[in-house]
Amino acid sequence: MKNRNSDDELPIKDLVNYLMFLHAKEFYDAALLIKESKKELQRPYYAFMAFSIESFLKCFAVTTIWKGNTRNVNINHHTGHGLSDIFGKIIKHEPKLAAFLESRYESQYGGNLKEDLQKNENVFIEQRYLVPKGGNITSGLQANNEFDLIESNIKPSTYIRELENTAEFLHNTIQYLLNEYVFMSNKNNSTASN
């Protein structure tokens, strides 16, 4: 085995990055705790749920670059906050993974993953601040009643069912993929030692 010098880079591409999954899971679990508390904490719940989806999506197709023989590590992942934009990057760079996710989501939830991500595209950005950058409030907060919302064709800023379904799906699917990876690794190690 060749010794690596300090200038060498060793890129390792993971289907799912475990550390990023743990980070996303913390926000998902926090959102569930908020929901279970029965308190009227909608904005934090929506923001945490949306951020967990964003973070779960960023777990996929991550390249970790180990530099030299030190602990210097660079983690390359998809960037941005737009949920369908991040998924679009997965479609572009990992089409088989994207097709797997879309098919699995449809079979488990009867919905379209791309459409549900699009519906909640900017929930994290919209829900984390009461007044957005620039001060323009364009959500239903300006309407005097429900009929004003319908007449002005303002979409709700959060599609709750789709938000919850997508977060639950990504959490469970990544957990499944990680478990399968560990199972296959253990199976391969046990057959190699026999």
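So, where is the place of Lys 38? Lys 38 sits in the loop between α1 (18-36) and α2 (42-58); helices here are DSSP runs of H or I with at least four residues, strands are E runs of at least two, and both are numbered from the N terminus.

Before I go on: this is a predicted model, where local features need pLDDT of at least 70, side-chain atom pairs count only at pLDDT 80 or more, and totals for chains, interfaces and linings use all residues. Residues are numbered from 1 along each chain as its sequence is written, and side-chain values use heavy atoms, with hydrogens and water left out.

Most residues other than glycine have a negative phi. Lys 38 has a positive one, near 65 degrees. Lys 38 also counts as exposed because its relative accessibility is 70% (exposed is over 50%, buried under 20%, partly exposed in between, with a 1.4 Å probe and protein chains only).

Now Ala 61, in strand β2, residues 60-67. At 11% relative accessibility, this one counts as buried.

Helix α3 (83-93) packs against α4 (95-109) at about 125 degrees, axes 5 Å apart, so α3 is oblique to α4. Axes are lines fitted to C-alpha atoms, for helices over the stretch in contact, with angles from 0 to 180 degrees between N-to-C directions; under 35 is roughly parallel, over 145 roughly antiparallel, 65 to 115 roughly perpendicular, and the rest oblique.
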